[in-house]
Amino acid sequence: MSKKVLIISASPRKGGNSDLLCDQFLAGAKEARHDVEKICLQEHKINYCLGCGVCNNTHKCVQKDDMASLLDKMVEADVIVLATPVYFYTMDAQLKTFIDRCVPRYTEISDKDFYFILSAADTVKKNLTPAVEGLRGFTRDCLEGTKEKGIIYGTGAWQKGEIKDLPAYKQAYEMGKKC
C-alpha cells in the first residue's frame, strides 16, 4: 500500500550530508512506490515562535510565513522523516524552530511513523544521543500514536558530500524502501 511520505531536511546547505541522506531515503521510498515529498527548510521562511499562546485556542499562528502550509503537509502525511545535522550534540536551529512552530496543530500530527536522519562530523554514535532524545521528546512525548521506525546515524562526515562514502548513505536508501 502506497504511503504519503514527507521528508523534512533541516540542512542549512543544499547538498549537505544530512540533505544527501534525505535524497537517498527519498529514492528508496520512491522505488517502493510511495508518494514522497522533500521539504528543505532553508528554502522556506519560518519565524521563531513568539510564545504568545494565541494558537492554544485558535489552532492558528498569528505569524504569516510558510509554516501553516508545512503543517498541512505534516497532518496529511503517513510517514515523516526529520533530518538534521548535529551541532554541539543537538539538532540544528532550523529543525528546532520548525518543531517549536508545530504548536498550533500538534494534536493533529498523530498516528504517524517517524524516521530520524542525523549527520555529524563526530564518529561516536552515542554522542548523537542528545539530538535523538530531543527528536523523541517531540514525537514520542508530544504527539499521539506515533511510532519511531528507524534512525540513520551519518557519523564521521564533516565536509560536504563525505557521507557518500559511509555506510549511512546506503542505509538511508534501504530504509526508504522499507518505510
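**View 1. Strand 3 and its partner strands.** Strand 1 (residues 4–9) and strand 3 run parallel and are joined by five bridges, where strands are DSSP runs of E with at least two residues, helices are runs of H or I with at least four, and both are numbered from the N terminus, and where two strands pair if DSSP finds at least two bridges between them. This is a predicted model, in which local features need pLDDT of at least 70 and side-chain atom pairs count only at pLDDT 80 or more, while totals for chains, interfaces and linings use all residues. Residues are numbered from 1 along each chain as its sequence is written, and side-chain values use heavy atoms, with hydrogens and water left out. Leu6 has Ile80 of strand 3 as its bridge partner. Strand 3 also pairs with strand 5 in the parallel sense, over seven bridges, and here Ala83 is partnered by Ile117 of strand 5.

**View 2. The hairpin of strand 3 and strand 4.** Strand 4 (residues 90–91) runs antiparallel to strand 3, and two bridges join them. Val86 stands opposite Met91, and Phe88, in this hairpin with two residues between the strands, takes a positive phi near 50°.

**View 3. Burial of strand 3.** Because eight of its nine residues are buried, strand 3 is largely enclosed by the rest of the structure; buried means under 20% relative accessible area, exposed over 50% and partly exposed in between, with a 1.4 Å probe and protein chains only.
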